[in-house]
Amino acid sequence: MLRYVELKSGYSDNGPAWIGYVTPSKTGRTIYFNGRALMKLKGQRRGDSGGNYCDMETAESYWVSGPKKNGQDRHWAGAGKVLIEAAAVSEYLETIGASALDKSQHELTHSIVPTDIRKFERLANTSCYDANPGSDESTG
């Protein structure tokens, strides 16, 4: 599934941003992207920095959306190039109806890493009391 992903925490509308493929969880409430698990915030809630997703490990706020057909994915007040996953270029260009990337707005990347989904599934399904029952760590 092709998505626009932007880090909001600490950056407002100028954070690092990517267009690339995400993998949704079975429920669709979590997406996996670039080594991270991003959980959807419920309802109209937004993170402290305006994001609609929260990183499961770091609690950083992210904005995730489908790519805009006009190619203007960043917030109007934002700036900076959007990295686009090399494998996603043809689908992105088809989505926006263009024949080439706008080099003033986009930069090709091969650095998006796969996500260990099983790691995050285990993390989401483990209670802090499950680690070592009976040890000092589980009673902390």
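**Entry 1: a loop residue**

Where does D13 lie? I looked this up first, keeping in mind that the model is predicted. I found D13 in the loop between β1 (2–7) and β2 (17–21).

Next I asked myself: is D13 buried or exposed? Its relative accessible area is 14%, and buried means under 20%, so D13 counts as buried. I then listed what D13 touches, leaving out residues up to four places away in sequence. The list holds E6, K8, R74, H75, A77, G78 and A79.

**Entry 2: the sheet**

I moved on to the strands. How many strands form the open sheet, and in what order? I noted 9 strands, running β3-β4-β5-β6-β7-β1-β2-β8-β9, with mixed pairing. At the edges stand β3 (23–24) and β9 (106–109). Each has a single partner strand, so one side of each is left without a neighbour in the sheet.

I picked one pair to look at in detail. Strand β6 (residues 53–55) pairs with strand β7 (residues 61–65) in the antiparallel sense, over 2 bridges. Here I spotted two tyrosines facing up: Y53 stands opposite Y62 in β7.

**Entry 3: helix α2 on the sheet**

Which strands does helix α2 touch? Helix α2 (residues 117–124) packs on the sheet and touches β3, β4 (30–33) and β5 (36–40). I wrote down the angle too: the direction of α2 makes about 145 degrees with that of β4.

K119 has a relative accessibility of 34%, so I filed it as partly exposed. I also checked K119 against A37, which is 82 residues apart from it along the chain. Their C-alpha atoms are separated by 9.6 Å.

**Entry 4: the two sides of helix α1**

Which residues of helix α1 are buried? For α1 (residues 89–96) I noted V89, Y92, L93 and I96. Looking down the axis of α1, I saw why they belong together: these buried residues fall within an arc of 100 degrees, so they line one face of the helix. On the other side of α1, I found S90 and E94 exposed.

What do the buried residues of α1 pack against? I traced them to β1, β2, β8 (82–85) and β9. The strand β9 was already in my notes as one that stands at an edge of the sheet.

Key:
Residues are numbered from 1 along each chain as its sequence is written. This is a predicted model: local features need pLDDT of at least 70, side-chain atom pairs count only at pLDDT 80 or more; totals for chains, interfaces and linings use all residues. Side-chain values use heavy atoms; hydrogens and water are left out. Two strands pair if DSSP finds at least two bridges between them. Helices (H or I, at least four residues) and strands (E, at least two) are DSSP runs, numbered from the N terminus. Contact means heavy atoms within 4.5 Å. Axes are lines fitted to C-alpha atoms, for helices over the stretch in contact, and angles run from 0 to 180 degrees between N-to-C directions. Buried means under 20% relative accessible area, exposed over 50%, partly exposed in between (1.4 Å probe, protein chains only). The arc is that of the directions from the helix axis to the C-beta atoms.
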